[in-house]
Amino acid sequence: MKTKKTFLVMVVFLVSAFVCQIGTASTLTVWMKKGFVEAQNTMFEERVKEFAALHNIDVNVELIAYEDFFPKWTASIESGNLPDLSFFGYQEIGQFYASGLMRDLTPVIEKIEDNYGSIFPSSKKAVTFDDKIYGVPFWGEGTALYYRKDLFEGAGIANPPNTWEEFRDAAIKLTNPKQGLYGAGIGYGAGNSDAEWLSRSIIWAFGGAIFGEDGKSVIFNSPETREAVQFITRLFTEDKVTPPGSVGWDDGGNNTSYISGQSAMVVNTGSVIVALGKDYPDLLEKTGVVVLPQGKAGRFTAGISNNLGIFKDAPNPELAEELLLFLMDPEWYRQWINVSVPLALPVYEELANDPIWQEPNHKAFMDSMKTFEYLGYRGSYTPAAGEIYNLRLINTMFEDIIVNGKSVEEAIVSFEQEVSNILAKYNR
C-alpha cells in the first residue's frame, strides 16, 4: 500500500509539473508599439486575444511608447526574459541581427505571400540581411508636407512648394513674428526622430549622403551635403522662419505648432491629419498635403518601416510565427490599417489601390512610398546606419551649429569622424 500510494503521489506530481510546463510554454508575451490612434491599439490587442482564445492559451500584450522600447529590449536581452513577439523599427532589427539575436522569418514571409498576397519589395528589403528576412513588415509611415491653404492664398502663393528652394521662399513670405506665425515648423532635439528623418530627406534631395554605395565608406563631407546643411541652418539663423524654442522640440513639437496655428508648414506623418479630423475639422478644411519637395538630385523621403519580429531565443517562437500569420490575414489587416488612415500605410501591394488612398489628404502619404530610401543610403541599410540614427547624431550636429555656434564645416567634419568611428566597429 505504501508503495502504491507513493507511486500515485509521484504521478500526480509529474502530471502537475507537466501541466505547469504546458501553461508556461503556452503563455505568449507580445510587445507592440503604442500607436497614435487608440482604436488601432484596441484592435491589435483584441486580435491577439482572439488568437489566444482559439489556441486556449494565455497572452500578455504590452503597448509600449517607442522611446521606451530600447531600454526594455536591452533589459530583456540581459535577463533572458524575452518577449515571444515584438515590434521593431527596421533599424533595430538590423542592430539586433548584427548581434545574432534575431530569428530568420523568411519561411513566414513566404507563407504570408503564398496565402495572402505580395508585400512591397522595398518593405522586405529594409529587413533583409544576407538574403534572409528577419522581420515581418507590418505597416509603413509616409511623410508629407502639410501647408495652410488659406495662408498661402493670403500671401499670394499660388501653389505648394515643389522644390526645397520654393519651400524656403514660401516660409519667408509666410513668417510674421508679430502675429506669432512662422513659415517652417521644423525643430531639433535629443528625442526628435522627425528631424532625423527630415534632415536625411533634404540632404539626399540636394545630392548628399552619409554613406557610399558600399555602405562602408563615409562621403558626408561633400559640396552637396554642405549645401544642404547650410540650407537647413539658414532657415533657423538667417531667415528665422522657425518658431522660438523649436531647437529642443520632441516629436510632438511640430504637431502642436501646426495645430495651434504657429506654423504654416510642417513635415510629418499622417498623425496630424488624424488629429485634425478628430478635433479640428475647421483647420482640416484649410489644410493641404503634398509629397515632400524635390532638390537637384530628385525627390526623397526617408522611409519608415515598422515590423514585427521574434528574438532567436524567444520562449515560444513557433507559436509566435502562427500569431504573425493570424495578424497578417488581409481581411482583418485592411480594417486595422483603415482605422488610422493616413497614418499607417499597408504593406500589401494590392491594398495600396484601395479607393481610400486616392482621397486628397491621403494620396500624398501613399505616393511618398515611391520616393522611399532607407537608412544606409546610398548603400543598403546597415546596422551601423541604425546605430547612427538611434544616437541622433544629425540632431546633435544641427544643435551644435544653431545653438552652439559651430561652423557648418567644423560640424560636418566632427559628424563624419563620429560616423567613421561607429563604422570601424562593424567593419573589423
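## A four-stranded sheet

Two strands count as paired here if DSSP finds at least two bridges between them. On that basis, this predicted model has an open sheet of four strands, with mixed pairing and the order β8-β9-β7-β10. The edges belong to β8 (182-184) and β10 (287-290); each has a single partner strand, so one side of each is left without a neighbour in the sheet. Ignoring direction, neighbouring strands are turned by 20° against each other on average.

Now zoom in on one pair. Strand β7, residues 144-148, runs antiparallel to β10, and four bridges join the two. Within this pairing, Tyr 147 stands opposite Gly 288 in β10.

## Helices against the sheet

Two helices are worth a look here. Helix α12 (residues 271-279) packs on the sheet, where it touches β7, β9 and β10. The direction of α12 makes about 40° with that of β7. Helix α8, covering residues 164-174, lies across β7, β8 and β9 (263-268). Relative to β9, α8 runs at about 145°.

## The nonpolar core

The largest nonpolar core holds 136 residues, and the ones touching the most other members are Phe 44, Phe 138, Tyr 333 and Trp 336.

Take Phe 44 as a way in. Leaving aside residues up to four places away in sequence, Phe 44 touches Val 30, Met 32, Val 61, Phe 138, Leu 327, Trp 332 and Trp 336. As a general point, nonpolar side chains tend to be buried together in soluble globular proteins.

Conventions:
Residues numbered from 1 in each chain as written. Predicted model: local features only at pLDDT ≥ 70, side-chain atom pairs only at ≥ 80, totals over all residues. Heavy atoms only, no water. Axes fitted to C-alpha atoms, helices over the stretch in contact; angles between N-to-C directions. Contact = heavy atoms within 4.5 Å. Core = buried A, V, L, I, M, F, W, Y, C linked by side-chain atoms within 4.5 Å. Buried < 20%, exposed > 50% of the residue type's maximum accessible area, 1.4 Å probe, protein only.
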